[in-house]
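Visitor: I would like to learn how to read a model of this kind. Please take me through it feature by feature.

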Amino acid sequence: MTAPLNATHDPQRRSWVESANHPSNDFPLQNLPLGIFRRSGRDAPHIGVAIGDQVVDLAALAAAGFLPDSAKAACAEPTLNSLMGLGPVAWSGLRTRLSELLGADTCAAASRQTAVSACFVPMESATMMLPARVGDYTDFYASVFHATQVGKMFRPENPLLPNYKWVPIGYHGRSSSLVVSGTPIRRPHGQTKTAEAAAPTFTVSQNLDYEVELASYVGPGNAQGAAIPIGEAEGHIFGVSLLNDWSARDLQAWEYQPLGPFLAKNFATSLSPWVVSLEALAPFRVPAFARDPGDPSPLPYLSHARDQMIGGFDLTLEAWIITPKMRAAGEMAARLSRGNFSSMYWTLAQLLTHHASNGCNLLPGDLIGSGTVSGPEKTSRGCLLELTMRGAEPFALPNGEPRGFLQDGDEIILRGYAERPGARRIGLGECRGVVLAANP
Ligand code: MN
């Protein structure tokens with residue numbers, strides 16, 4: 001079984017926006033991710049679609065009569081929430097129209113290209129904002145490799161808790177501190193306590209970390225009390241982006257029992273600005289994670305034949321770092337890890353269905369984090385906690401600098417992309433954040 005493909009996925013098609021045709025560009029004609037931007041010197045936030053090095057203003061396209069009736073009112077809004085609430089038929093209709101308007105084969109007339117390009121803003125002059133008003137944010141823990149690695153550090157004899165393979169583990173994050181890529185991150189203060197100390201101290205966090213995650217945005221929600229069947233779950237997912245769940249490990253170790261993460265994580269969470277639709281990722285769907293023969297099968301409410309066959313995503317996720325010393329020397333970012341979303345134990349559909357299974361109402365624009373994306377190889381570990389064994393095994397960057405946890409001035413850059421023979425490469429763009437020194 002494969003996900004259905006259509007003309008919008010055709011790898012042979014090119015855009016008349018030349019920059020979109022470069023093989024390494026994240027935003028070819030086959031991607032068409034949506035985001036919220038402001039023009040320099042202009043305050044009104046508009047919905048935009050990324051094509052090559054340009055942003056197309058959808059409010060302007062709608063005003064010029066280029067967009068389908070089903071989506072044009074939602075496309076004039078200052079956030080994606082209304083569009084998210086419309087559902088897959090409207091999303092797909094919009095994607096088809098945008099693909100026609102930007103395709104070299106389907107929009108060949110110079111006059112039509114001129115009319116469409118009147119709605120362009122160069123990406124370098126657009127200021128990106130959060131794509132949605134996120135009412136609620138939930139973060140899961142869906143990588144069994146991450147859960148096992150982290151569990152080993154805290155409970156060597158019993159790394160994986162007995163519920164892990166039965167129930168997707170998550171906690172409620174905080175939406176007020178979500179920030180868009182490029183926003184600096186202030187190092188937090190908090191309570192920490194070493195094993196030897198008799199009492200905790202309130203101090204600057206020394207063990208600041210990042211987590212490589214995939215975010216998904218909820219499309220149409222569910223009424224309170226009504227669950228979302230697993231077979232319908234993907235119709236409630238608008239798209240995905242990159243998420244960095246900044247984590248103060250010293251605060252976390254002291255506060256996390258018994259209710260889970262709190263101040264160790266809710267000071268800031270970064271999001272990439274472009275939301276890539278599940279339809280754009282259709283060529284990169286793979287089976288759900290192959291569980292060990294001894295593992296339990298998902299309970300019936302989390303089981304669906306289609307989800308088992310194509311519920312996964314072959315999506316590469318990377319973390320990179322630039323330290324102040326590297327920046328001063330003009331050096332390129334150094335890669336910290338490279339993992340793949342196909343190694344996640346639970347699918348996006350299972351996370352969403354589980355979230356609503358008790359009747360919890362999800363709303364358009366709600367955010368669901370996957371949890372740290374780590375695979376079985378050491379090079380695929382998606383946070384410093386795992387890469388350095390809680391800071392005990394610092395590594396050397398290419399310039400010789402050691403890193404255990406993040407230092408002030410370090411910039412973390414997350415990147416994501418999907419590629420395979422026979423399909424056009426799709427990028428998620430970047431999620432960046434520089435660590436600022438703690439307030440005095
Ligand atoms: Mn996380």
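Guide: Start with burial: a residue is buried under 20% relative accessible area, exposed over 50% and partly exposed in between, with a 1.4 Å probe and protein chains only. By that rule, 54% of the 440 residues of the chain are buried. This is a predicted model, in which local features need pLDDT of at least 70 and side-chain atom pairs count only at pLDDT 80 or more, while totals for chains, interfaces and linings use all residues. Residues are numbered from 1 along each chain as its sequence is written, and side-chain values use heavy atoms, with hydrogens and water left out.

Visitor: How many helices and strands does the chain have?

Guide: Helices (H or I, at least four residues) and strands (E, at least two) are DSSP runs, numbered from the N terminus. The chain has 11 helices and 25 strands. Its radius of gyration is 22 Å, close to the 22 Å from the globule rule for 440 residues, so the chain is as compact as a globular protein of that length. The radius is taken over C-alpha atoms, and the rule is 2.2 Å times the number of residues to the power 0.38. The C-alpha trace spans about 75 × 55 × 40 Å along its principal axes.

Visitor: What share of the contacts join residues at least 24 apart?

Guide: A contact means heavy atoms within 4.5 Å. Among contacts between residues at least 6 apart in sequence, the share is 74%.

Visitor: How should I read a single helix?

Guide: An α-helix has 3.6 residues a turn, so residues three or four places apart point the same way. In helix 4, the buried residues are A90, W91, L94, R95, L98, S99, L101 and L102. For length, the expected span is 1.5 Å times one less than the number of residues. Helix 4 (residues 88-102) has 15 residues and should span 21 Å, which agrees with the 21 Å between its end C-alpha atoms.

Visitor: Which backbone angles deserve a look?

Guide: Most residues other than glycine have a negative phi, and most peptide bonds are trans. Here a cis peptide bond, with omega about 5°, joins Q257 and P258. P258 lies in the loop between helix 7 (249-255) and strand 16 (269-271).

Visitor: Where is M389, with its positive phi?

Guide: M389 is in the loop between helix 11 (384-387) and strand 22 (395-396), and its phi is near 50°. R390 is in the loop between helix 11 and strand 22 and has a positive phi of about 65°.

Visitor: Are M389 and R390 buried, or partly exposed?

Guide: M389 counts as partly exposed because its relative accessibility is 28%. R390 is partly exposed, at 38%.
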